[in-house]
Every structure is written in C-alpha cells, then in structure tokens.
Amino acid sequence: MILFKKLDRYILKLFFITLIVVIISIGVMIIVINLVELLRNFIDNNVPLDQIVEYYLYFGGWVLKLFFPVFVLLATLFSLSYLAKNNEILAMKASGLSLYRITAPILIVVLILSAGHFYYNEYIFPPANKRLVEIKEFNIKKRSKRRYDQVTNIYRQISPGNFYTISVFYVSKRDGKDFKLYQTKNNSLKKLIIASNITYTDYRWVARNGFVRTFEDSVQHSFVEFDSLYLDQIKDKPTDFSRRVGNPEDMGLDGLKEYIALMKRTGGPHIRESIDLQIKYAYPLASFIVVLLSIPFAANPRKGGIAVSFSSGALIALIYFVLFKVLQSAGYNEKVPDYIAIWGVNGLFFLFGLIGLIRARK
C-alpha cells in the first residue's frame with residue numbers, strides 16, 4: 001500500500017509538472033498571437049502599458065477557461081508517453097499493476113479538475129471577463145460607452161397581448177422617452193397608455209405627462225390625462241434594457257439563467273442561450289472524457305513509437321471537440337434535439353473511451 005501511495009505521487013507529480021508547462025507554453029503562444037493582432041490598436045489609441053498588462057491578465061483567464069480540456073489532454077499524453085518511453089509503465093505492469101490502477105490517480109484528479117473548471121467558469125471567470133471586454137471595447141478600441149447606455153426602439157412583452165415600447169432609454173439615468181403601452185384582447189386594442197417620459201424610481205416604473213385611452217368595440221370609450229402614473233405591471237429593470245458588453249455565453253450560471261428568464265418573459269429568442277446553459281455543465285466534463293480516450297494510446301505505444309500513439313490520441317480528441325461544436329451549432333439552429341446537441345458527443349465518446357480502456361493491453 002505504501003508503494004502504491006508513492007507511485008501515485010510520482011505519477012501525479014509528473015502529470016502536474018507537465019500540465020503547468022503546457023499551460024504556460026501554449027498560453028503564452030496564444031497571448032502573443034493576440035498581441036500581434038491588437039498591436040495596431042494599442043499604438044493608434046495610445047493605450048497605457050498598465051492597461052495592456054491588465055488586459056492580458058484577464059485574457060489569460062479566458063485562455064484557461066476555453067482551452068483547459070486541451071491542456072489536460074496534452075499533459076496526459078505527454079506524461080504517460082514519457083512513462084511508456086522509459087518502460088516505466090511496463091515495469092509497473094510487471095510488478096502486478098494493471099493499466100486501470102496505474103492511470104486511476106490521473107482519472108480521479110482530472111475528474112476533480114473538471115469540477116474545479118466548472119466552478120472557475122461560472123463563479124470566478126465572469127466578473128474578470130466583464131472587465132476584459134470593457135478594457136477591449138472602451139480602452140483599446142476606444143468605442144463610446146454611450147452606445148451601451150443609450151438604447152433605442154425598445155419592445156417588451158408583459159404578457160400575451162400586452163406589450164410596451166420606448167423610443168429612447170438612458171440606462172444610467174433610468175429615464176426614457178416616448179413610452180407606449182398596449183393592452184389587447186382578441187386582436188383588438190382595449191387600452192392605450194402614451195407618455196412623453198418614463199422613469200424608474202423607488203423600484204417602480206412611473207409614466208409622466210401622458211394620457212390613457214380605453215376602447216370598446218373599436219370605439220373610443222374614455223380619455224384621461226395624467227401627470228404621473230405608476231406601472232406596476234412592468235417587471236423589467238433598467239439594466240435589462242442595456243446593451244450587454246460581451247456575449248451571453250460568457251455570463252456565469254446565475255447571470256445566464258436571469259437572462260433566459262428575461263427573454264422568456266418578454267418573448268425574446270432564447271434557444272441559443274438555453275443550450276449554452278446546459279453546455280456549462282457538459283463542457284467541463286470534456287477534460288475527463290478526452291483523458292479517458294487518450295490513455296490507451298499514450299500508455300501502450302504501438303509500432304511507430306510514441307509519436308504515433310500521441311498523434312492518434314490527439315486526433316481522436318480533435319474529432320471530439322469538432323463534433324462538440326458541430327452539434328452545438330446544430331442545436332442552435334434546431335436541426336437536432338437540444339439533449340443531443342448538449343450531451344450527444346459526451347455520451348458517445350465516453351462509451352468509446354470505456355471500450356478503448358477495457359480493450360487496451362492491461
């Protein structure tokens with residue numbers, strides 16, 4: 001038992017050293033590519049050095065979020081291939097250890113890392129990503145913040161047959177102009193509220209300087225003017241109208257759930273976001289699945305040497321990620337059921353990984 005514990009520590013030490021080297025080397029390469037791409041913006045807009053450094057600190061977090069399964073895959077392939085090349089795996093097998101027992105510590109640790117990847121993606125990365133996008137939009141590309149604060153032509157549905165419009169809304173001021181609220185029944189207009197201004201005060205919407213018209217059988221029934229009118233039927237908040245900086249899929253779990261709830265409440269499209277919400281649970285498992293797929297290739301080098309084993313494992317993992325994205329896109333376009341778009345590739349390749357591990361030379 002003591003030997004096994006030492007062996008586990010030895011394998012995991014090699015794995016983690018390799019993982020750190022892979023993250024740093026590939027991460028730096030991706031950062032350099034991005035730096036070359038944005039270099040002209042940095043120079044043309046005189047972006048200070050401290051903001052560039054801050055941007056790439058947050059950008060490094062984005063690289064970790066997106067490419068972590070690839071980093072884990074490469075670390076597994078390199079570390080196990082290294083052990084196989086030096087005949088250490090062969091020696092372990094000769095001492096009575098099976099391939100399952102040799103790779104068990106890596107599989108357990110990768111499963112834990114997958115859980116950590118999920119937590120990082122949903123609770124640590126989103127605030128950093130928001131700052132990343134703000135720096136890129138406002139400091140590097142010098143785009144005006146006004147385009148996100150001033151929103152035009154707002155349309156929101158309160159309930160079936162009831163909706164309102166606002167011509168211009170200023171998010172920071174919580175104030176809008178040219179407000180209209182329509183209440184219909186059986187495709188006929190029953191009430192119309194028109195106001196020159198609408199404001200959000202004390203957690204309530206107030207229409208100002210307007211009038212209310214009610215109709216019955218397409219004939220005007222009444223006309224009432226008002227200085228202010230509370231609109232408790234509107235549940236939206238001013239921030240719901242703001243143009244979001246960044247993409248909904250980069251939100252955290254809670255933020256994306258709120259966004260989907262808003263789209264459902266207002267009749268907006270939300271199929272893409274609903275799929276992204278489930279993918280937040282599915283994608284971190286990619287680390288575990290690609291490792292499961294690659295172990296038989298890395299730990300049992302065949303004719304052609306380690307390079308062939310490494311290439312075979314990397315190719316299978318590449319196919320995994322490509323199919324994952326293809327099914328995701330098909331789900332967005334409603335070409336396949338959402339559960340297949342989200343879990344289809346994970347289920348299929350998990351099955352392949354188990355079969356490959358069972359059939360591998362023990």
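User: In this predicted model, which residues is Asn346 in contact with, leaving aside its neighbours within four places in sequence?
Analyst: Asn346 lies in helix H10, which spans residues 338–359. Neighbours within four places in sequence are left aside. The contacts of Asn346 are then Ala282, Leu285, Ile289, Tyr320 and Phe324.

User: With which side chain does the side chain of Asn346 make a polar contact?
Analyst: A polar contact needs a pair of N or O atoms within 3.5 Å. The side chain of Asn346 has such a contact at 2.3 Å. The partner is the side chain of Tyr320.

User: Is Asn346 buried or exposed?
Analyst: Buried means under 20% relative accessible area. Asn346 has a relative accessibility of 4%, so Asn346 counts as buried.

User: How does Arg174 count by its relative accessibility: buried, partly exposed or exposed?
Analyst: Arg174 sits in the loop between strand E2 (162–170) and strand E3 (175–185). Under 20% is buried and over 50% is exposed, with partly exposed in between. At 42% relative accessibility, Arg174 therefore counts as partly exposed.

User: What is the phi of Arg174?
Analyst: Most residues other than glycine have a negative phi. Arg174 is a residue other than glycine with a positive value. Its phi is near 60°.

User: What is the phi of Asn209, and where is its place?
Analyst: Asn209 also has a positive phi, in a residue other than glycine. That phi is near 55°. The place of Asn209 is in strand E5.

User: Over how many bridges do strand E4 and strand E5 pair?
Analyst: Strand E4 covers residues 188–201 and strand E5 covers residues 204–216. Leu192 has a bridge partner in E5, namely Arg213. The two strands pair in the antiparallel sense, and the number of bridges is 10.

User: Which residue in the hairpin of E4 and E5 takes a positive phi near 50°?
Analyst: The hairpin has two residues between the strands. The residue that takes this positive phi is Asp202.

User: Which element gives the largest share of the lining of the second largest pocket?
Analyst: The second largest pocket holds about 720 Å³ of space. Its lining has 31 residues, and the closest to its centre are Trp62, Lys65, Leu66, Glu249 and Asp250. Elements that give two or more residues to this lining include helix H1 (2–44), helix H2 (49–85) and helix H4 (99–140). The largest share, seven residues, comes from H4.

User: How many residues of the lining of the second largest pocket are charged?
Analyst: The lining includes 12 nonpolar and seven polar residues. The number of charged residues is 12.

Definitions and conventions. Residues numbered from 1 in each chain as written. Predicted model: local features only at pLDDT ≥ 70, side-chain atom pairs only at ≥ 80, totals over all residues. Heavy atoms only, no water. 1 Å grid on protein atoms, 1.4 Å probe; cavity = no way out; pocket = protein on both sides within 12 Å on 5 of 7 lines; lining within 4 Å. Points joined across faces, edges and corners; volume = space filled by probe spheres on them. Helix = DSSP H or I, 4+ residues; strand = E, 2+ residues; numbered from the N terminus. Nonpolar A, V, L, I, M, F, W, Y, C, P; charged D, E, K, R; others polar. Buried < 20%, exposed > 50% of the residue type's maximum accessible area, 1.4 Å probe, protein only. Polar contact = N/O pair within 3.5 Å; in protein donor to acceptor, adjacent residues only side chain to side chain. Contact = heavy atoms within 4.5 Å. Pairing = 2+ DSSP bridges.
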